[in-house]
Amino acid sequence: MASARVRRVACAGIAVLTALAVAASAHATPVTDDPPPAGDPVVLIVHAVGDAAAVRATAADAASSTIDVRHTFPADHAFSVEVPAEHRAAAEVALRATTGVTGVEAPVTRLLFDVPDDPQYANEKNYLASVNAPSAWDVTHGSSSVRIAVIDTGIDVSHPDLASKIVGTYNADNGGTNITDEVGHGTFVAGVAAAATDNNLGIAGAGYDTSLLGVKIAGPDGDLSIDDEIAGINWAVRNHADIINLSLGGTDYSAAEKTAVENAIAHGVVVVAAAGNDGNSAKQYPAAYPGVVSVGAVDTAAHTRADFSSYGPWVTLAAPGVGIRSTSPTQGSDYFATRSGYTQADGTSFSAPLVAGATALLKATDPGLTVTQLRHALVASASGFAGQGLGAGQVDFARALANLPPTEPPTGVSVQGNSDQITLQATTTSPAVEFRLDSGTWTAPVTADAGTANLAFQSWGYANGSRTVYARACSAYGECGAGQVSTTVDLANTAPTVSTPTAGAHVTGRFTVTAEHPSGGGARLLISGKPAGFAATSPYAFLVNGSQLTDAKHTVQVVLCTTSGTSCAGAGSQPFTVTTRSLHPVINALTKPAISPNGDRSGDTAALRYTLPDREKVTARTITSSGVVVRSDALGTLARGTHAWTWRGVDARGNRLPDGRYTLALQTTSPTGSSPAFGGYAETVGTVDTVTPTLSGLTGAGTTFFPVRDGYRDVFAPSVAANEAGTVTLTIRSSRGAVVRILSARRAAGRTTLTWNGRDARGHLVTAGVYRWQYSITDSAGNRRLAANDQVTVSDKKLVSRIAYVQHRGSSYRSAGGTDLCSTARKRGSTFPYGVVLRNACSPATGDFAYAAYRFTVPGAIRYARFTFQVYGRSAHRPSELSVVIDRTDGGLEIPSYAKVARSGSRWYSIASVPAAGHINRGRAVYVSVLLTGRYKGVNDFDLKYARLRVSYTALR
């Protein structure tokens, strides 16, 4: 038999046990002569290069089985196939081995993202007002030329609130046009997105006049196939959908689905998807694919994230998802049994079409809007629900409309003045205007007052002559349209004048260039055409280090700039030439960029190392950030070569300098008597820092770890938070105080972790016992802080794998019985003392069974690997079949396997083996029920003497 499918349910009633037993039995291989029933078909997506039909035929021959092609996706170089479940493995192998096949995708699960609710559970919420839909409808009713494709369970095309809105239908399962909705989910989604509005009937759809494309991809039971979804997406794109709504998803990633979504977006379709109803941050697809508008749900009444809504950084925004009112099939359906045509429900499935409707209104205002522009308008205008994992917050229809870039440019643009600060003016019907001069950057949008926008514009930084001024209209939120108007202005700014030095002058060492401009503006100094300084206001003073220039003639010029210095192409002074000849001292290094001159002998000083290319007279100066010299040390005349000066962080009187940054300058001159006299200059920056860093948030106190390398708590990794960067050190000492290990690392501010592997400095494993540990930090200035010390225990235990058996007598069950008079469980009459007889004489068609339920308490462990349920006994009448139901910690039940019991002597039967994860309840309890099904005609029985659980686990020893 093919392995039984895992089934999970929410409760543990007898009716559920019956259903599970039948499900497991339905996949069993009987001992009669009837052929075994086939498993459910499996859909695979095949990525291939070349002709799909040829690839399919080749694979079918290799697999010796039927491989039916369901859909072909030429643009994606893929197709989907359906194979019987029992042939899946062979089909996958054959497909992967087929020439032209580049990959085979296993089936992924997609579910409808709704939380249906009883229509009387709550009154209809005022959610449309919360997203400002009525205000948006005052601006636009949308357009029937805009289409939302609802890819779902179908749509009731005869519904009076939907019939006039549907302009195309497609059934992805059979390629037809019948999209009858047996489930009701798709009809509900369609109504939220675009039910007929202002028609004196039913509800109002978010998209108002927007049209609908109905795509059915689910059967009567709501089962979705990933290839049908992909086919539906592709059909929607071909049939001119503007928005695709996907109120479905799952946690499994699909490359083929992602490609289909990317193709839709590339064709200008906005893809809106529900974020899911798992109530956690696990990614749901297709919502989590890049470019998709992923929609979470909010509870409007509580003004918080809906408790069922998925959330996380992959969610784009949110919309109401609780108490949503919409259309339902008029003939009733599985999810919405009412035949009134309207009902109420919760879920992100119904948040997504609200956003789809809002997007349709935006698209109707300007059909040329791109996916990026539409998405940006939605995101930029959303608000609220900060920190709740709902992206930008709740969608706002009206603000999103106001956030769209205007379609009409300004009606005119003009310029007042032609020099210095000029005024740019534009007339517009839009909320704001932005300006640009030539090919420069656009200014920030300027709010229009009574239809006119005025901007005081600095023209100093732009070249004189004819310049073009452009203007374009913007929304109130700063989105600007593509259309623009322009005019010209003939700039005529006066040039700055240079005062010093004069043309032909000789300069040496550090010298100053001074200049001025009568109208202000910024200025840039150019030395031989290269920038050498900037000043924001006139008069200008530029300090130039001649020691960094070659000894030669240099051209000097000052040009006008904007006061920010972003543009410096303005009028320039008349260039002139000076000759520089200087000494060229070079600072090689400052041994410590920061010092802490507090007298503790840790980081009190730093050495400034420098090189003199000549014999020079040297003075070392300490200068504040405001330019005040606080100390000047004459170092005398020094020979050429490398020297050092000790910076002590004190002023001329020997007092410690305040904390801060200081310029450390070397000013040199030629030796006394030299003619002519030359100067030299070099500088660097040093910092005085006497503030001791802090450590907080220590973790790891009282830890025990096991440094034998077996993958279980092999290291000790305490952490600590520091308020600044520094060298963090972890010191480990023995209980007697001897240093065992010192670990250090340079770390930025924030939380840091150092890891000890239980070994000493020589790499030897330390003996088991208690050790003391302590964090410390030393910043770049030498300030040091110690954290409180604590202890850690080193254990020499290691992991070992073990097997244990937990056994009960058959009669030691928690409960036992049968689901009908013909199925029973009795202690009396048992062949075995303390046993139990399971007997089932019911017809196989009824699905009844006898059962005995047991509670096993498993031994304590570090990790549990696997549980195997076994029974000891025999069948007295004929071959029978035993199944087990295992409780899961998520509240579900699981039927993993079955065992055939032959009519023979007593022996052990292993019925099922499952991974331990998800099956251990509180108190290390595992709950297992053994079922005797009525699979075979006549009397099925099993005389059960012992029930036991084989536990594979890992423990410390």
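Analyst: A crossing is left-handed if the near helix is turned anticlockwise from the far one by less than a right angle, and right-handed if clockwise. This is a predicted model: local features need pLDDT of at least 70, side-chain atom pairs count only at pLDDT 80 or more, and totals for chains, interfaces and linings use all residues. Residues are numbered from 1 along each chain as its sequence is written, and side-chain values use heavy atoms, with hydrogens and water left out.

User: At what angle do α6 and α9 cross?

Analyst: Two packed helices are described by the angle between their axes and the distance between the axes. Axes are lines fitted to C-alpha atoms, for helices over the stretch in contact, and angles run from 0 to 180 degrees between N-to-C directions. Helices are DSSP runs (H or I, at least four residues), numbered from the N terminus. Here the axes of α6 (residues 185-194) and α9 cross at roughly 35° and come within 7 Å. The crossing of α6 and α9 is right-handed.

User: Which residues of α6 and α9 make the contact?

Analyst: Contact means heavy atoms within 4.5 Å. From α6 come His185, Phe188, Val189, Val192 and Ala193; from α9, Ser349, Phe350, Pro353, Leu354 and Gly357.

User: Where is Asn403, and is Asn403 buried or exposed?

Analyst: Buried means under 20% relative accessible area, exposed over 50%, partly exposed in between (1.4 Å probe, protein chains only). Asn403 lies in the loop between α11 (397-402) and β18 (412-416); strands are DSSP runs of E, at least two residues. Asn403 is buried, at 1%. Beyond neighbours within four places in sequence, Asn403 contacts His376, Ala377, Ala380, Ser381, Ser475, Tyr477 and Glu479.
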